[in-house]
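Hi everyone, and thanks for making time for this. Please bring the picture up on your screens, and I'll talk you through it.

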Amino acid sequence: MQDKLFKALLILSAIVIPVIGGGIIYSLTMDASGAFEHFGFWNFVFSDDWVTTAGRESYGALPFITGTMLTTLLALLICIPFSLPVALFTGEYFRGKKIATVLATVTDLLAGIPSIIYGLWGFYALRPIFMYLNLSPQGSGILTAAFVLAIMIVPYAASLSSEFIKMVPSDLKEGAYGLGATRAEVIRRIVFPTAGSGIFSAYILAIGRALGETMTVTMLIGNTNQMPETLRTTGNTMASIIANQFGEADGLKLSSLIAIGLLLFLITAIINMIGKILIRRAQHV
Amino acid sequence: MKKFFLPFAAVAMALTITACGGQKTANANGRESVEMSGAGATFPLPFYTMSFDSYSEKSGDVVSYGGIGSGGGVRNLKDGIVDFAGSDAFLSDEEMKEMQPVVHIPTCMGAVVMAYNLPEVKSLNLSGDVIADIYLGKITKWNDARIVALNPDAQLPEKDIIPAFRSDGSGTTFVFTDYLTKVSEEWKNTLGSGKTVDFKVGLAAKGNPGVAGIIAQTPYSIGYMGSEYAFAQKIPSANVKNANGEMVTPSTESISAAAAGDMPQDTRCSITNSNAAGAYPISCFTWLIIYKEQNYADRSLDQAKATLDLMNYMLSDSIQQTTSTVHYAPLPKKAIDLSLENLKTVTYNGENILK
């Protein structure tokens, strides 16, 4: 009896999540269809128009797809010099030592900071510095947003990379030391090749996190709807345009925003899927 | 076995308790207490929070209000999931056509003020056409001859003007651009008015706090924001020349003065660029919108009565007098009289609710 009940409960909860997921995709597609029908799917994706004036309305997702891609990739690049050393420190050099545990804990703590705090920090602390250094004329923009995003994804990239670095078989490493390899050589020749695809997948998952980040980016990117020309200029990401415009949107604009949401959903899903596949491969090595 | 069922029993019990929790008792208004919900404009949120609380205390009805933006509120009303919507912009004729007939009830007045960050200047005068040209990118320096002409005594620096605007759709942007459309032909023909406008110059920030943050951090910037926010935060704002040629400081009195002109029966009117004496030119009403026929989405007669009680309460003297404590301006008598008449036309199953 108890067993049966438990089984029923399990099945029920196993069904609930796919149903919710399916429901989200269904309602996104339904509400987005208006924009796709009006502009055509590819035209919507590749148009950089964003005209809200009544009567001349025209919406395209390209500036926001570009903004999302630019901030995410830039964040990834900036994040590597912060996260890879942390991963090596905790996973290889000081593995199992107290100092490694402390560093790992502190890094993981970064993941627990709410995004509004990162946004405020970026806005009040980082923005004046960027203006002072003349990195961006207004302090806010793609570069500022990407920099803060980079800090936000460090814990995701670092802790997973560290796990994969720990998984490198010690007989391989000991063999290399036996042949007279230095520590740097072991890392370059043994650790990176063996844990490489695992580390790569850690960064893919970190990208997944950066793609959808909304609050921080909205506070820092400057929120302009033009195509970003340089990294110094302001822009908008797919998440931030939705956060900005959804409250007062209706009609075609509402449908366009939901269409952008659907595109973001698809991009995130694809990137996460790639990450999962790579992790599975890495674990089988 | 027993242990396993304990949580279920607890849940079942909780459900039963909630089910009979709504003890039906007659309240101060001689009917059963109900729960009402509304959604919409964020601009009057502090005022609504305060007055809905005091209404609940007085009547026993519970009122909840979600500040999701005017557009969202109207959407919710269309979907029939709220009792009333809050909106900073009255519904246009086209929007009215898409819905069942509605009644607009103005609740209070506010304004859009021009906040600025000019370390050298204590008090700044502006006019509508100058504001429009700043936001069109045609006036770019603080010591432009046209700004100097309005401020003969001020030491205006030779610095670039950095305009700030709202990145999110907002009733504040609507009121601001509605004003500029009236005072600048070029603005009308290029950008027009709306809750979001395709500004060509300046910095964008989300919400009043975002714009205020940019202005506080960026010397030589200027931005528009809701008066309730600027007054509460004591942010310096510019005097604006009105249609009579008077230089007016935004204040509770000068905002109320803007409503002195004519008003249509349904109260749907824009009062920007008012030609009344002493009127601050970028003033506005904010409205609550309800359906004229209150029997929709299975609402009860008590629900309909409660909605009208709430509307009446918002128009009452005692509530109107509290507007200035939360940095809004009270409605003029004419708007209250018109609204009380309009409330009498509200029906349930075709029968007038208020006799």
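Let me begin with how helix packing is described. Axes here are lines fitted to C-alpha atoms, for helices over the stretch in contact, and the angles between N-to-C directions run from 0 to 180 degrees. In general, two packed helices are described by the angle between their axes and the distance between those axes. Please also keep in mind that this is a predicted model.

With that, let's go to chain A. Helix α3 of chain A, residues 62–93, packs against helix α4 of chain A, residues 98–112, at an angle of about 140°, and their axes are 9 Å apart. Because of that angle, α3(A) counts as oblique to α4(A). The crossing of these two helices, α3(A) and α4(A), is left-handed. Which residues make the contact? From α3(A) come A:Val86, A:Phe89 and A:Thr90, and from α4(A) come A:Ala100, A:Leu103, A:Ala104 and A:Thr107. In the contact of α3(A) with α4(A), five residues are nonpolar, two are polar and none is charged.

Now stay on α3(A), and look at another partner. Helix α8 of chain A, residues 183–212, packs with α3(A) at about 135°, with the axes 10 Å apart. That angle makes α3(A) oblique to α8(A). Is the crossing of α3(A) and α8(A) left-handed or right-handed? It is right-handed, whereas the crossing of α3(A) and α4(A) is left-handed. On the α3(A) side, the residues are A:Thr68, A:Thr72, A:Ala75, A:Leu76, A:Cys79, A:Leu88 and A:Glu92. They meet A:Ile187, A:Val191, A:Tyr203, A:Ala206, A:Ile207, A:Ala210 and A:Leu211 in α8(A). Sorted by class, the contact of α3(A) with α8(A) has eleven nonpolar residues, two polar and one charged.

Next, where the chains meet. How many residues of chain A are in contact with chain B? There are 20 of them, and they touch 25 residues of chain B. On the chain A side, the elements giving two or more residues are α5 (115–132), α9 (215–220) and α10 (238–245). The largest share comes from α5(A), with three residues. This side of chain A divides into six nonpolar, eleven polar and three charged residues.

Chain B has 14 helices and 13 strands. Its C-alpha atoms fill a box of roughly 80 × 55 × 35 Å, taken along the principal axes. Of the 355 residues in chain B, 49% are buried. Among contacts in chain B with a separation of 6 or more, 73% are between residues 24 or more positions apart.

Now for the sheets. As a reminder, strands of a sheet pair through backbone hydrogen bonds, either parallel or antiparallel. Chain B has an open sheet of eight strands, in the order β2-β1-β3-β11-β4-β8-β6-β7, with mixed pairing. Which strands are at the edges of this sheet? They are β2 (62–66) and β7 (203–205) of chain B, each pairing on one side only. On average, neighbouring strands of this sheet are turned by 25° against each other, ignoring direction.

All nine of its nine residues are buried, so β11(B) is largely enclosed by the rest of the structure. B:Ser283, B:Phe285, B:Trp287, B:Ile289 and B:Tyr291 point one way, while B:Cys284, B:Thr286, B:Leu288 and B:Ile290 point the other way.

What are the neighbours of β11(B)? Strand β3 of chain B, residues 84–87, runs antiparallel to β11(B) and is joined to it by three bridges. There, B:Ser87 stands opposite B:Trp287. Strand β4 of chain B, residues 102–117, also runs antiparallel to β11(B), with nine bridges joining the two. In that pairing, B:Gly110 stands opposite B:Cys284.

Strand β3(B) has another partner, β1 of chain B, residues 35–40: three bridges join them, and they run parallel. B:Gly38 stands opposite B:Phe84 in β3(B). Lying across β1, β3 and β11 of chain B is helix α3 of chain B, residues 70–78, which runs at about 160° to β3(B).

One more sheet before we stop. Three strands of chain B form an open sheet in the order β5-β9-β10, with mixed pairing. Its edge strands are β5 (125–126) and β10 (247–248) of chain B. Strand β9 of chain B, residues 239–241, runs antiparallel to β10(B), and two bridges join them. B:Val240 has B:Val248 in β10(B) as its bridge partner.

Key:
Residues numbered from 1 in each chain as written. Chains lettered and ligands numbered in written order. Predicted model: local features only at pLDDT ≥ 70, side-chain atom pairs only at ≥ 80, totals over all residues. Helix = DSSP H or I, 4+ residues; strand = E, 2+ residues; numbered from the N terminus. Parallel < 35°, antiparallel > 145°, perpendicular 65-115°, else oblique. Left-handed = near helix turned anticlockwise from the far one by under 90°. Contact = placed C-beta atoms within 7 Å. Nonpolar A, V, L, I, M, F, W, Y, C, P; charged D, E, K, R; others polar. Buried ≥ 20, exposed ≤ 12 C-beta atoms within 10 Å, placed from the backbone. Pairing = 2+ DSSP bridges.
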